[in-house]
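Biologist: I am new to this structure and would be grateful for a close look at a single part of it. Please begin with the setting and then turn to one residue and its surroundings.

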Amino acid sequence: MLRQLYLWRRKVWAVFSIYFQDSLAYRGQAVIWILTDVVPALVMPLVWLSAYNGRTAIGGYAPGEMVLYYLCMVTFTNFIVAHLMWDVAMEIKEGQFSVYLVRPFSYFQTTFIRNLAWRVFRLIVFVPMLALAVWIYAPHLTHVRFEWGPAFWLSLVMGHLVSFMLAYALGLLALFFQEVFSVYNIYYIPMLFLSGQLVPIGVFPEWLQALSRYMPFQYTVALPTEIFMGRVPETLAWQGIGMQIAWTVSLYLLAKLFWRKGLLYYTGVGM
């Protein structure tokens, strides 16, 4: 048992190292991708600060809290949000997926570790950008208070798992359909709004906030960010973590169903 665990750990580290080095090999391209995600989020506080125009709060956020929200959100997004469905769909479409089916390491594990390696690389690249943003917005970052407790760390990990399982299940749709990239483009519309990446969910109308509670997007980025800022009471924080677990399990079962049924349709075109 211990030997099997040791061998599995070595495989995990080998796969992680390969994909981390792959990220380093194309670091120029990777930095451009990261900038396209990060720059809009770092500019948004300027838009909001102009919108306050003398008001003390919007949607329950004071100006300093709004700035802090975007800095926290964009930091956590680098770890949490997965976009791997594009890679999964491309591998299925071009037949590279066949190679993974005969390897002594499941495609699910390979995809998870590959995504984790990319997330770690992104965080390392993002640190200097975050330091610059904190320096620029420092005059607005007063009276900040953070919650570093177990609820935050658990919500952060579970937020990543919700996002990963959602993207993985979407990627496996390529086993059934020839064209899935249009579906992914549509997916980003509710995802960006209801995950809190564009604006905090607290500024939405009540009906939209209620709708977001029944969808998985809020439990990716918004929940860990608001817990970290101390805006979620402890009881509600644990309820939110319960929803994250429920979504992770549901999406995992859905992905398993897609995998089992989808392999019957897979023909390895492109090999």
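Modeller: The model is a predicted one. The chain holds 11 helices and zero strands. Its C-alpha trace spans about 60 × 40 × 40 Å along the principal axes. A compact globule of 271 residues would have a radius of gyration near 18 Å, and the 20 Å of the chain agrees with this. Of the contacts with a separation of 6 or more, 82% are between residues 24 or more positions apart. Buried residues account for 46% of the 271 in the chain.

Two polar partners can be named for the side chain of serine 195. One is the backbone oxygen of methionine 191, which the side chain of serine 195 reaches at 2.6 Å. The other is the side chain of glutamine 197, joined to that of serine 195 by a polar contact of 3.2 Å.

Further along the sequence, with neighbours within four places left aside, serine 195 is in contact with Pro190, Ile201, Phe217, Gln218, Thr220, Val221 and Ala222.

Key:
Residues are numbered from 1 along each chain as its sequence is written. This is a predicted model: local features need pLDDT of at least 70, side-chain atom pairs count only at pLDDT 80 or more; totals for chains, interfaces and linings use all residues. Side-chain values use heavy atoms; hydrogens and water are left out. Helices (H or I, at least four residues) and strands (E, at least two) are DSSP runs, numbered from the N terminus. The radius of gyration is taken over C-alpha atoms; the globule rule is 2.2 Å times the number of residues to the power 0.38. Buried means under 20% relative accessible area, exposed over 50%, partly exposed in between (1.4 Å probe, protein chains only). Contact means heavy atoms within 4.5 Å. A polar contact is a pair of N or O atoms within 3.5 Å; within protein, one must be able to donate a hydrogen and the other to accept it, and residues adjacent in sequence count only if both atoms are side-chain atoms.
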